[in-house]
Amino acid sequence: GIYTLTVTDANGCTATAQTTITINPLPLPTAGNDSPICLGGTLNLNATGGTSYSWSGPDGFSSSSQNPQIINTTSNAGGIYTVNVTDVNGCTAIAQTTVTINTLPTPTAGNDSPV
């Protein structure tokens with residue numbers, strides 16, 4: 001809105017000035033992923049709601065990509081990922097997504113020899 005300032009000096013003289021203040025809404029970010037994935041797979045993170053993105057997560061992960069990938073995941077990749085989303089007005093908001101990494105099965109092979 002418009003704000004008006006009126007100033008009166010010691011002599012009783014007054015002057016006014018106006019300024020317009022604009023308050024922009026915060027972005028409405030979303031964060032997601034394609035987990036659960038298997039150990040060694042590729043994790044795809046995704047975010048929407050802004051014009052720039054800053055990701056952080058387990059095992060020192062960071063990225064400025066909107067939709068980063070982590071290739072050949074380890075068990076350390078599981079956990080909460082946070083994305084800081086900035087919109088065209090410079091306003092920021094945070095979204096989070098939780099990633100699950102499943103371990104691989106342990107196969108055993110045997111035979112019934114001699115046949």
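## Basis

The model is predicted: local features need pLDDT of at least 70, side-chain atom pairs count only at pLDDT 80 or more, and totals for chains, interfaces and linings use all residues. Residues are numbered from 1 along each chain as its sequence is written, and side-chain values use heavy atoms, with hydrogens and water left out.

## Overall fold

The protein chain has eleven strands and zero helices. Helices (H or I, at least four residues) and strands (E, at least two) are DSSP runs, numbered from the N terminus. Along the sequence the pattern reads β-β-β-β-β-β-β-β-β-β-β. The chain is more spread out than a compact globule, because its radius of gyration is 27 Å, well over the 13 Å that the globule rule gives for 115 residues. That radius is taken over C-alpha atoms; the rule is 2.2 Å times the number of residues to the power 0.38. The C-alpha trace spans about 115 × 20 × 15 Å along its principal axes.

Of the 115 residues, 24% count as buried. Buried means under 20% relative accessible area, exposed over 50%, and partly exposed in between (1.4 Å probe, protein chains only). The chain exposes about 7800 Å², and carbon and sulfur atoms supply 53% of that area. Areas come from the Shrake-Rupley method with a 1.4 Å probe; for residues, only the protein chains shown count as cover. Contact means heavy atoms within 4.5 Å. Among contacts with a separation of 6 or more, 47% come from residues 24 or more positions apart.

## The E3-E5-E8 sheet

Three strands form an open sheet in the order E3-E5-E8, with antiparallel pairing. Strands E3 (30-33) and E8 (69-70) stand at the edges, each with a single partner strand, so one side of each is left without a neighbour in the sheet. Two strands pair if DSSP finds at least two bridges between them.

Strand E5 (residues 43-48) pairs with E8 over two bridges, in the antiparallel sense. Leucine 43 has isoleucine 70 in E8 as its bridge partner.

## Strand E6 and its partners

Strand E6 (residues 52-57) runs antiparallel to strand E9 (residues 79-86), joined by five bridges. E6 also runs antiparallel to strand E7 (residues 61-63), here with three bridges. Tryptophan 55 has serine 63 in E7 as its bridge partner. The hairpin of E6 and E7 has three residues between the strands, and aspartate 59 there takes a positive phi near 60°.

Serine 54 lies in E6 and stands opposite asparagine 84 in E9. Serine 54 is partly exposed, with a relative accessible area of 42%. Beyond its neighbours within four places in sequence, serine 54 contacts Ser63, Thr82, Val83 and Asn84. Alanine 10 is 44 residues from serine 54 in sequence and 53 Å away in space, C-alpha to C-alpha.

## The aromatic pair

Rings of Phe, Tyr and Trp (its six-membered ring) pair if their centres lie within 6.5 Å; planes under 30 degrees apart count as stacked, over 60 as edge-to-face and the rest as tilted. The count by this rule is one aromatic pair. Phenylalanine 61 and tyrosine 81 form it, edge-to-face, at 5.5 Å centre to centre with 70° between the planes. The pair links distant parts of the chain: phenylalanine 61 is in strand E7 and tyrosine 81 in strand E9, 20 residues apart.

Phenylalanine 61 is buried, with a relative accessible area of 15%. Tyrosine 81 is buried too, at 0%.
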